[in-house]
Amino acid sequence: MRYQLAKGVNLQVQPTQKFTVTKLLVSFATPQTFTNATTRNLLANLLVSGSQHYPSQTAIARRLADMYGADLNAYVARIGTAHTVRFSSTFVNDRFSQPGMLGKQLDFMREIIFQPRLVNGRFDPQIWRVQRDNLQAAYQSVKDDKQYYSAQQLMKEYYRDDSPMQMPSAGTSERLTSVDNDQTVAAYRSMLANDQVDIVVIGDVDPETVVAQLKQWPLADRQALAINSLYYSQPSWREPHQKIEHQSVMQAKLDLAYSLPVYYGDSSYDAMVVLNSLFGGSAYSLMFNNIREKESLAYYAESSLRPLSGHLVVETGINASTYQRVRQLIDEQLAKLRHGMFSDTQFNQVKKNLLNQYRGSMDNLSAVASRRLINQVLGVSFKEDVASRLAKVDRQKIMDLASKMSLQAIFFLNGGR
Amino acid sequence: MKEKTYPEFNQRLVSGQLDNGMEVVLIPMAFQKSYAVLTTDFGSIDQSFTNSDQKVVTLPAGCAHFLEHKLFEKEDHDAFDLFGELGADSNAFTSYTQTSYQFSTTMNLHRCLAILLDFVQKPYFSTQGVKKEQGIIGQEIRMYADSPSSRLYTGTVANLYPNDPMREDIAGTENSIEKINPDVLYSAYQEFYRPSNLKLVVAGNFDPHALYDWLVDQESQYSTTKEPFPKRVANLSDPATSQLVDHQELLMDVQRPHVMMALRGSHHVADPAERLRYRLAVELLLEMLFDDTTDNFLRLYDQGVIDDSFSFSFEMERGFHFATWSSETNQPQEFTQAIREILMHAQENLARMQDQFESMQRGAVGRLVASLNSPELIANRYSSRLFGDVTIYDELKQLQSLTLADLRRALDQFIKPNLTTTFTIMPRTER
């Protein structure tokens, strides 16, 4: 059930007794810029570290424990070009706890979002400083995760220098050094006043009760996001952008980005999903079978889609000395897709597997909630069920799409101690 | 076969032991998905056993994990593909004491189960297959070798159990897996993959009685007689324990120090139900002392000794249990000192925490109730035989009946000050 609480403030409620818990997801969305991602990440951390009535994160944690181990967190994520600050809460249904849990959780969420711990118009300076330092430390730690770090470096090579997509949705260490308390407050005020708000509630709830309580939240009319602007595209690079970095690691990482101008919700979207599963997105893929199983060059060699920004990413962990061989094998697998050199068995396996994953994800409350949120923000709805959509994907579509893929960026973390 | 019901969760389950000794637990749920996990009590620490000729056989480190990778591969096909053709996802994992093979599916449950039982009970190992796997697992080992959090954990466990196979990584080393060949795998298989050492748990969308009958029939084609349990030489050579490695340091390409402190438990509980109660009591008392609701947490957080990377855990498997505390921090010494002090004063503090206890217990119960939405979690949580025939629903009942006195008793049993160790990873400074 869908409601509009104010202009630019959308709600959907799905009552169900399937789960022992209920989930609330509140998203504030605005176009991402070079500067706002970092500030908003800090903001998300601050809001769950203290509020007017719960002055510390310990006070918040105690309240949550008392509400039968409820969970509340805030984080940032991107939906296409939109930057979202999300508040997520999961709590046990009344029949396993006590009456009135929904009301209590909505009140608590309201407190966290709308009653921050401000002192003289600024965030409590002590909390602000600790959270700024912790975020800085978290940025540093990213470099310890070589797979994640390499994927980030690849994105720097892929995106155009003038595109805000260069900036990770979590922000960067460099930006954080120039963020101050006043800017954080300004980002907060702007988020409340200007961001598109999307709320998803799934669980053992009565929609009317949810609507009645959310109508009390101080959310005025605001401008909705222009849906078409959320999809990102850029002109192709003539030659792939390459970067090689040396670190003293045991395992080298070779990552590649290919442009693939198909988007979530497009008529070719399902074919793109199947293509990815065949290429490297599943353990039935050409890359898994040939790079890992046949040639034992890698433990992981996989691909994944970026269906809101028109590209596909390949990640591998290999011995540095096998760089050329792995590059060649990846090229060969792509050529096989282009020429339809994959078996019917493989093709059907991948489709069945995707269907199984989709059906299985209906049992996962978090997955259901975030899919609903993304569809709501993007205004996407599929008319047919997944099984018939997958059935319509034929071999020719895979070949056509594979022919459109073009290598755009390469990042190689060279190691091999 | 017996049926149990848990009216408060509107839940029933069917369990039993087949003629050949295999344990079966079936948990019906109103979900799309079904999940099955077949577990042998054979993990990386089971490196020595007495074979049928009364000879002691010693396996290379990483053997259980290697066998797990190889069991999927057959002479003319890969079991993984059979699941794929039915639309199921399959996987496997190896821990210190168990190896589990699992699949999840929203269709063809019986056919998937037939494949699971078949590929686990019909081994095929070839020289060529072993050779190929050495490269893949070699890359897996290297990937973890570059991960500070993995090095921190395995280094700490090695400190806790310096004279036992636990000092070695579950996957072994590139050298140790070189020693693996089909004969080694077959000998390990014959000892540890007998039905008497297997347990099957299925959670999901099915009629449990009909499925049980089907399983009895299906399994009868493999074996109907009960063979003896495997004869491991010992779980741990040094159960009473005396020699821990006090501290170790490693230099890595990290941005700031990573530190882990650990405490090795030495309290032995023979009865499975009592063992579960002990585990739950220790877990809850650790939460009361260290989780983000505590004054301890807030104080250390505000002092910058810990941040959001702080975590603690308690692990209990066959033959061992220990707790760990870890954080990234620029004050590793202050970190371990602070944990030690909190443990030292734990008993007197717990005595004053009746109110907090009730809140923490409620929170723990709520989180466990929340986890009832995952067939994977429900099945995996008791996939081994360590706690007898309990399920997550029994765990909930036990958790609800715990008292503060139980926690205080468990504290005395668990915490021995001389059984701690620390491991730090320091940034490698450029020269």
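In the predicted model, a salt bridge joins D66(A) to R362(B), with the closest N and O atoms 2.8 Å apart. The rule finds 3 salt bridges across the interface of chain A and chain B, together with 30 residue pairs in polar contact, both partners being at pLDDT 80 or more. On the side of chain A that touches chain B, two or more residues come from each of α2 (57–66), α4 (125–142), α10 (286–294), β12 (311–318) and α12 (344–361) of chain A, and among these elements α12(A) gives the most, with 9 residues. The residues of this side of chain A comprise 20 nonpolar, 22 polar and 14 charged.

In terms of extent, the contact between the two chains involves 56 residues of chain A and 59 residues of chain B. The area buried between chain A and chain B is about 5,000 Å², of which 50% lies on carbon and sulfur atoms. Of the area that chain A buries against chain B, 13% is supplied by D144(A), Y299(A) and N356(A), more than by any other three residues.

Within chain A, the domain assignment gives domain 1 (2–229) and domain 2 (241–414), and the centres of these two domains of chain A, taken over C-alpha atoms, are separated by 30 Å. L154(A), E157(A) and Y158(A) account for 21% of the area that domain 1 of chain A buries against domain 2 of chain A, more than any other three residues.

Across this interface of domain 1 and domain 2 of chain A, the rule finds 1 salt bridge. A salt bridge is formed by the side chains of D363(A) and K18(A), at 2.6 Å from N to O. Polar contacts between the two domains of chain A number 13 residue pairs, both residues being at pLDDT 80 or more.

For chain B, the assigned domains are domain 1 (2–219) and domain 2 (247–427), whose centres over C-alpha atoms lie 27 Å apart. The contact between them draws on 49 residues from domain 1 of chain B and 42 residues from domain 2 of chain B. About 3,800 Å² is buried between these domains of chain B, carbon and sulfur atoms giving 61%; in domain 1 of chain B, the residues that lose the most area to domain 2 of chain B are F9(B), L152(B) and L160(B), together 17% of what that side buries.

The rule finds 5 salt bridges across the interface of domain 1 and domain 2 of chain B, and K2(B) forms a salt bridge with D389(B) in which the closest N and O atoms are 3.0 Å apart. The interface of these domains of chain B also contains 22 residue pairs in polar contact, both at pLDDT 80 or more. Elements that each supply at least two residues to the side of domain 1 of chain B that touches domain 2 of chain B include β1 (2–6), β2 (11–17) and α5 (148–160) of chain B, and α5(B) gives the most to that side, with 9 residues. The residues of this side of domain 1 of chain B are 25 nonpolar, 14 polar and 10 charged.

Methods: Residues are numbered from 1 along each chain as its sequence is written. Chains are lettered from A and ligands numbered from 1 in the order in which they are written. This is a predicted model: local features need pLDDT of at least 70, side-chain atom pairs count only at pLDDT 80 or more; totals for chains, interfaces and linings use all residues. Side-chain values use heavy atoms; hydrogens and water are left out. Domain bounds come from an automatic or database domain assignment. Contact means heavy atoms within 4.5 Å. Buried area is the accessible area (1.4 Å probe) that two parts lose on being put together, summed over both. A salt bridge is a side-chain nitrogen of Lys or Arg within 4 Å of a carboxyl oxygen of Asp or Glu. A polar contact is a pair of N or O atoms within 3.5 Å; within protein, one must be able to donate a hydrogen and the other to accept it, and residues adjacent in sequence count only if both atoms are side-chain atoms. Helices (H or I, at least four residues) and strands (E, at least two) are DSSP runs, numbered from the N terminus. Ala, Val, Leu, Ile, Met, Phe, Trp, Tyr, Cys and Pro count as nonpolar, Asp, Glu, Lys and Arg as charged, and the others, Gly among them, as polar.
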